[in-house]
Amino acid sequence: MRNRTLTLAAVAGATLLATAALPANASGTANPRSAQEGSVSAADLLAKVTSCSQISNGKYKTDDETSASVPVCGKNGAVFWKADMDVDCDGQVTSKCNGDTDPWFQDDTAFHQSNGKPLRADSLPYVVVPSTSSIWKYTSSGIKGGGVVAVIYNGKVEYAVVGDTGPTKIIGEASYATAKALGINPDPETGGVDSGVTYILFKNSQVSPIESHSAAVSLGDSLAKQFLQNN
C-alpha cells in the first residue's frame, strides 16, 4: 500500500443509474455499475452516523501532508469513519491497474480471492483499512478480510469488501472499482475525492467468496437493514 503525497481533486458524482446488483463472478471481472445498491438509502444510513463515539486511540490523516483529524467511531454492529477517498489499484495486473498507470502500484493485496490470487482492483469494489497500530487494531473491532462495507458518497451507497491494508497513520482509500461505481474519478494517480465519503464497516461479517460482488451486495443490504434497526 502506498503513502499518498498528492492532494486529490474532488470530482462530481456521475448521474445515478438504475439499481442493480452485479452477478457473482468467480474471477472478480464483472464491471461495477455506477448505481445505488440494495434497498437502504444513503440518507437513512447517514442519519445514523451523525455523531461519533470514538473507539480509536487517536486520529488518522487522510494524506501524508494533512493533520490527523479522522477518528474511527463505534456503533451497534459496525464501525465507521468519514474521510476522503484515495484510489487503490493494487492486486492483479490489468490494463487499468499496473506500474505504468499507478506510481504506487503493488501486485498483491492483504486478502486474496478463493483461488489464491490477489484481488482485482479495477473490477472488485473493496476498501482499505489501516494496518494495525497503537491507534487502532481493526481485528479487535470484529473487522476482517472480506467483511462488508457500505461506502456512501454523493447520495449513493456502494457495497464493498475489506480487501487490503494500508499505512498505519492514514485512512480513506478504496479500490478503482469502488470509486468508479460511486462516480468518483478512479485514476489511481490523479483521481479520488478530498472529502465527503463515509465508510460503514459491519462487524463480524464476511463475504464468501470474497470476489463475489453480488454476495457483498446481498449481505450488505441485509446488514444495513439490521444497522438501521439497532441504532
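Is Asn 204 buried or exposed at 60% relative accessibility? Asn 204 counts as exposed, where exposed means over 50% relative accessible area, buried under 20%, and partly exposed in between (1.4 Å probe, protein chains only).

A word on the ground rules first. This is a predicted model, in which local features need pLDDT of at least 70 and side-chain atom pairs count only at pLDDT 80 or more, while totals for chains, interfaces and linings use all residues. Residues are numbered from 1 along each chain as its sequence is written, and side-chain values use heavy atoms, with hydrogens and water left out.

**Backbone in the loops**

Most residues other than glycine have a negative phi, and most peptide bonds are trans. Asn 204 is not a glycine, yet has a positive phi of about 55 degrees. Asn 204 is placed in the loop between E7 and H3; helices (H or I, at least four residues) and strands (E, at least two) are DSSP runs, numbered from the N terminus.

Look for Asn 154 in the loop between strand E4 (148-153) and strand E5 (156-166). With a relative accessible area of 47%, Asn 154 is partly exposed.

**Charged pairs**

Side chains of opposite charge can pair when their charged atoms come close. Taking a salt bridge as a side-chain nitrogen of Lys or Arg within 4 Å of a carboxyl oxygen of Asp or Glu, the count comes to 2 salt bridges.

| Asp 122 | Arg 120 | 2.6 Å |

Asp 221 and Lys 225 are separated by about one helical turn, because they lie 4 residues apart in helix H3 (residues 213-230).

**The nonpolar core**

Now to the interior. A nonpolar core here is a set of buried Ala, Val, Leu, Ile, Met, Phe, Trp, Tyr and Cys residues joined through side-chain atoms within 4.5 Å. The largest one has 60 residues, and those touching the most other members are Trp 81, Met 85, Tyr 199, Ile 200 and Phe 202. Elements giving two or more residues to this core include strand E2 (78-88), strand E3 (126-130) and helix H2 (176-181). E2 gives the most, with 7 residues.

Contact means heavy atoms within 4.5 Å. Setting aside neighbours within four places in sequence, Ile 200 is in contact with residues including Leu 45, Val 79, Phe 80, Val 149 and Phe 227.

Leaving aside neighbours within four places in sequence, the contacts of Val 72 include Ser 53, Tyr 60, Trp 81, Trp 136 and Ile 171. Val 72 and Tyr 199 are 127 residues apart in sequence, while their C-alpha atoms are 9.9 Å apart in space.
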